[in-house]
Amino acid sequence: MEGKALKFEKVTKQYGSLKALDNFSTELGLGIYGLLGPNGSGKSTLMKCIADIIRPTSGKITYGGEDIYSLGADFRGRLSFMPQDIDFYSGFTAVDVIKYFALLKGLKYDTEAAQKALNEVNLLSSAKKRVGGFSGGMKRRLGIAVTLIGDPEVVIFDEPTAGLDPEERLRFKNLIREMGKTSTVILATHIISDIEAVADYTLLIKSGQLINTVENDKQAQTHTDALEQLYMESFGHKAEQEI
Amino acid sequence: MKKTKTAGALLGFELKKLLGLINIAAFILLMAIKPLSGMMYTLAPTEYSKDIYHEYLDELYGAPTAEKEQYILDEKERIDDILSIYEDMILAYERGEITAEEYKAYDEEYTRAKAQQPAFDKVYQKYQYYLTLSGTEKKPQYFYDLEIIEYINGFGADVMFILFLTVFGLRFWGSDRTGGMSLAVMSSKYGRQYRDNLRIAALLIVSTVGSALSFCVDIGIYAARCGIGTLFLPLCGMEEFAACAYNVNILGYLLLVLMIRIVWSAAVCFMLVPIYKLVGNIYACITAGAAVIFLPLVLMPSLPEVMIKALAGTQLTGFAVLNNDMPLSIIAAVLTAGACYALSFAFRKLELKHIANNSA
């Protein structure tokens, strides 16, 4: 496995009698990992555990062999997390948002560097506009630009393509492919086509348990159908389709 | 050095965020309420004629002298004499001992004296109060003080700035939670390390500048109403402020109140942090914050004295200056801020729980 591995050892998160994560164990190296599962399957809990928003009831998450919670800010400095519903400070311009998050990541971005990051997501023309006037899709793209700042080693995207038009969706997929070469990218979504297009592996999660890990063959024509079939078998209903 | 620069740059963004939340219309309304509340004070009825009271004090204006004392004593004797013979004069007129013209002349004097008496009693009360100050460091002066008292009391009850600070302070703290930014900020490298301190610092800057601005507006309205020269008159000239041991002029008193307000506004900035972390919903958070700050004001008459000396709501009114508790008040503010800062660490896990729940 190339790069440092993000390793989950029997991770369990319990809320009363409900197990949001149940003995979740796997190891993620460089590459793109699609987290696939219905609502309430434990995807969000897993992502929040990695981001140290919540901590597991039992089990261990390590990065490069070290406990991520012991690493604390050091680990968070290598992590980038784009939540599902991000609504940036309305008084900030897009450049402000990039500069602000760069500082939070311990980096110094001048306006030129911020504009370069915005250009990656086709937002350069709106660089100096206030985020309060942005559409949902523009905010999403800004979120992606924020995630790209500082070449993070671990990247988490929660439903990243929601609200993006087909052209932007394609642009995003290309960006993700590039990131997957140097980072561990975790992509949580309901949409199978998003995963089949970019993910190297698909992790199927049900009731907090990892029920299957599938290595994706992105070149195979029949791959989407196979993933759909697997989803049906695993969860008993069809996955959401790309809109 | 690098960390200091990062903190400085992040503080700039926190200030930008905070100023972006402040509603200019609300701020203008706040400033407009001030003169309106001042007008309401002026319209408040008194038991005596303000014009007559004004005339007496114009006559007496300046430091007390033997001549002024004599004038007051003579005036008291005159009014007492006129009023005391009222029934005798009626009887004398009825018995034909005085003529109709004499009675009419007396009746006019009586009517005037009757109107003068309540206002003069107020002046005489002031004279007696000044006598108690003789031999002390305080050097009172006669001046027309009614509008000044009304307006300064308005300063004391200036709850609008406190309301402004509480609501916008908590909205500022809650801006991540309502905007879904918490996850992104808290999962970043410095999102936790600097955030609390920088937000407190941003609020401290805005609250101090806000207090000073609010003070400038107050002084502007005061000067327009009472004249800027009255700011330099001694506070001890007004019996209503007799409890204040500080030998200062009106401006000095207002500056002391401003200082206490700034100190307690700073304490409030710290108080908002554990409230935000403890309460999940931002609207419940604002309600809780307002209750903590304003309930002491509402309950002030029934609160034990020791609590009055230590509660933000009462201290923000300048209560400490009038009651000579400034050092105690400052110590209470520092202790309150310290306790709240410690609580903000204790409640960090609760905050993360709220963030996780809000984004579920």
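Residues are numbered from 1 along each chain as its sequence is written, and chains are lettered from A, with ligands numbered from 1, in the order in which they are written. Because the model is predicted, local features need pLDDT of at least 70 and side-chain atom pairs count only at pLDDT 80 or more, while totals for chains, interfaces and linings use all residues; side-chain values use heavy atoms, with hydrogens and water left out.

## The two domains of chain A

Let us start inside chain A. Domain 1 of chain A covers 1–78 + 152–239, and domain 2 of chain A covers 86–151; such bounds come from an automatic or database domain assignment. Taken over C-alpha atoms, the centres of domain 1 and domain 2 of chain A are 24 Å apart. Their contact (heavy atoms within 4.5 Å) draws on 15 residues from domain 1 of chain A and 13 residues from domain 2 of chain A.

Together, domain 1 and domain 2 of chain A bury about 1100 Å², with 62% of that on carbon and sulfur atoms. Buried area here is the accessible area (1.4 Å probe) that two parts lose on being put together, summed over both. On the side of domain 1 of chain A, the residues that lose the most area to domain 2 are A:Pro152, A:Arg171 and A:Leu175, which together make up 41% of what that side buries.

Polar links are present too. Five residue pairs are in polar contact between domain 1 and domain 2 of chain A, both residues being at pLDDT 80 or more. A polar contact is a pair of N or O atoms within 3.5 Å; within protein, one must be able to donate a hydrogen and the other to accept it, and residues adjacent in sequence count only if both atoms are side-chain atoms. Strand E7 (154–158) and helix H7 (166–180) of chain A each give two or more residues to the side of domain 1 that touches domain 2, and H7(A) has the largest share, with five residues. Helices (H or I, at least four residues) and strands (E, at least two) are DSSP runs, numbered from the N terminus. By residue class, that side of domain 1 of chain A holds nine nonpolar, one polar and five charged residues. In this scheme Ala, Val, Leu, Ile, Met, Phe, Trp, Tyr, Cys and Pro are nonpolar, Asp, Glu, Lys and Arg are charged, and the others, Gly among them, are polar.

The count of salt bridges between domain 1 and domain 2 of chain A is one. The term stands for a side-chain nitrogen of Lys or Arg within 4 Å of a carboxyl oxygen of Asp or Glu.

## Where chain B meets chain A

Now for the two chains. Chain B brings 29 residues into contact with 26 residues of chain A. About 2600 Å² is buried between chain B and chain A, and carbon and sulfur atoms give 67% of it. B:Phe13, B:Met181 and B:Lys189 supply 25% of the area that chain B buries against chain A, more than any other three residues.

Between chain B and chain A there are two salt bridges and ten residue pairs in polar contact, both residues at pLDDT 80 or more. Helices H1 (2–21), H9 (175–179), H10 (182–186) and H18 (348–358) of chain B each supply at least two residues of the side that touches chain A. H1(B) gives the most, with eight residues. The side of chain B that touches chain A divides into 13 nonpolar, eight polar and eight charged residues.

## Salt bridges

Over all chains, the whole structure has 21 salt bridges.

| A:Glu168 | A:Arg141 | 3.5 Å |

A:Asp52 is buried at 6% relative accessible area, and A:Arg76 is buried at 7%. In chain B, B:Asp145 is buried at 1% and B:Lys126 at 3%. B:Asp196 is buried at 4%, and B:Arg195 counts as buried at 4% as well.

Finally, B:Arg195 and B:Asp196 belong to a network of salt bridges that also links B:Lys277, B:Arg348 and B:Glu351.

How values were computed: Buried means under 20% relative accessible area, exposed over 50%, partly exposed in between (1.4 Å probe, protein chains only).
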